[in-house]
Amino acid sequence: MATRKTSSDDLLGPVTLAVGQEDLLLDRAVREVVAAARAADADTDVRDLTPDQLQPGSLAELTSPSLFAERKVLIVRNAQDLSADSVKDVKGYLDAPVEDITLVLLHAGGAKGKGLLDAARKAGAREVACPKTTKPAERLAFVRQEFRTLGRSATPEACQALVDSIGSDLRELASAVTQLTADVDGTIDEAVVGRYYTGRAEASSFNVADRAVEGRAAEALEALRWSLSTGVAPVLITSALAQGVRAIGKLSSARGGRPADLARELGMPPWKIDRVRQQMRGWTPDGVALALRAVAEADAGVKGGGDDPEYALEKAVVAVARAARLRRN
């Protein structure tokens with residue numbers, strides 16, 4: 001059978017290599033290839049295989065010529081876990097891929113199975129990065145891109161509110177973006193996100209922190225109790241409190257300037273500079289120091305240094321709210 005070269009944007013190239021551990025992105029990489037194959041041939045045969053299903057010799061059988069010359073997509077999940085003999089088979093196939101067959105290798109990356117990873121890259125595989133999103137900024141970038149992909153406009157505050165409300169699950173974030181774009185006309189703003197995800201937003205650790213650093217103790221305590229009752233981990237709340245207080249400390253000690261300039265200097269998005277500027281009214285250097293000590297004590301308390309994590313959090317929230325009002329007092 002004739003062979004052909006692939007290109008970085010050819011969904012029907014001989015080999016697609018999806019590298020990473022983010023399940024949503026891995027599944028999307030697979031769906032894109034399958035959709036392209038079925039658009040070219042509605043009768044495309046799709047085989048989705050785990051390492052234990054791809055036994056030595058089975059790849060040759062799966063890629064053997066068909067009487068009907070049908071298009072095929074062969075998906076190999078967790079390719080880093082293939083046996084040595086199966087890896088040998090795949091490497092051999094990479095040297096002579098079959099026309100109208102697309103092999104999709106899903107690989108976690110890292111040291112395990114690196115030989116196969118290197119061989120696929122050397123063979124010119126189309127590569128799709130599917131990294132695990134571990135940082136809030138990465139999830140925020142993901143949400144922004146989802147809106148752009150769907151051709152819709154959302155404010156930076158709306159994107160942040162959605163991340164704060166939904167959390168770290170990309171599938172849920174993608175689903176929320178899809179729902180909002182289907183239901184709402186025009187630009188999606190923070191108020192819209194609040195209407196759709198009020199319960200979850202109120203349970204957010206960042207909502208607790210925002211109310212506390214604004215000196216709104218009663219609202220912060222209410223948000224704290226709601227968060228704990230809905231299963232938010234105490235350590236996430238202390239982390240959010242620490243981030244909120246540190247942001248105020250960093251901005252209050254920074255030189256004046258435009259939000260864009262300060263954003264580069266402090267490593268914050270410009271919209272957050274504006275929000276922190278509003279929150280820092282009433283704060284003093286002494287207040288920041290007091291709040292950071294209170295949060296550190298609470299963090300030790302929720303990590304086993306105290307008998308009552310909830311009390312430690314309540315005490316910290318009140319302390320932060322009071323520190324926010326030192327100048328007014």
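Hi everyone, let's start with a helix pair: H12 and H16 cross in a left-handed way, meaning that the near helix is turned anticlockwise from the far one by less than a right angle. Helices here are DSSP runs of H or I with at least four residues, numbered from the N terminus.

Before going on, this is a predicted model, where local features need pLDDT of at least 70, side-chain atom pairs count only at pLDDT 80 or more, and totals for chains, interfaces and linings use all residues. Residues are numbered from 1 along each chain as its sequence is written, and side-chain values use heavy atoms, without hydrogens and water.

Back to our pair. H12 covers residues 234-252 and H16 residues 309-323, and they pack at about 15° with axes 11 Å apart; the axes are lines fitted to C-alpha atoms over the stretch in contact, with angles from 0 to 180 degrees between N-to-C directions. The two helices are therefore roughly parallel, the word for angles under 35 degrees.

Who makes the contact, that is, heavy atoms within 4.5 Å? From H12 come Pro-234, Ile-237, Thr-238, Leu-241 and Val-245, and from H16 Leu-313, Ala-316, Val-317 and Val-320.

Now to Ser-205, in helix H10, residues 205-213. Ser-205 counts as buried because its relative accessibility is 9%, and buried means under 20% with a 1.4 Å probe, protein chains only. Leaving out residues up to four places away in sequence, Ser-205 touches Val-232, Leu-236, Ile-237 and Ala-240.

Finally, confidence: mean pLDDT, the predictor's confidence per residue from 0 to 100, is 86 for the chain, and 89% of residues reach 70 or more. Residues 1-7 fall below 50. Thanks!

Terms used. Angles under 35 degrees count as roughly parallel, over 145 as roughly antiparallel, 65 to 115 as roughly perpendicular and the rest as oblique. Contact means heavy atoms within 4.5 Å. Buried means under 20% relative accessible area, exposed over 50%, partly exposed in between (1.4 Å probe, protein chains only).
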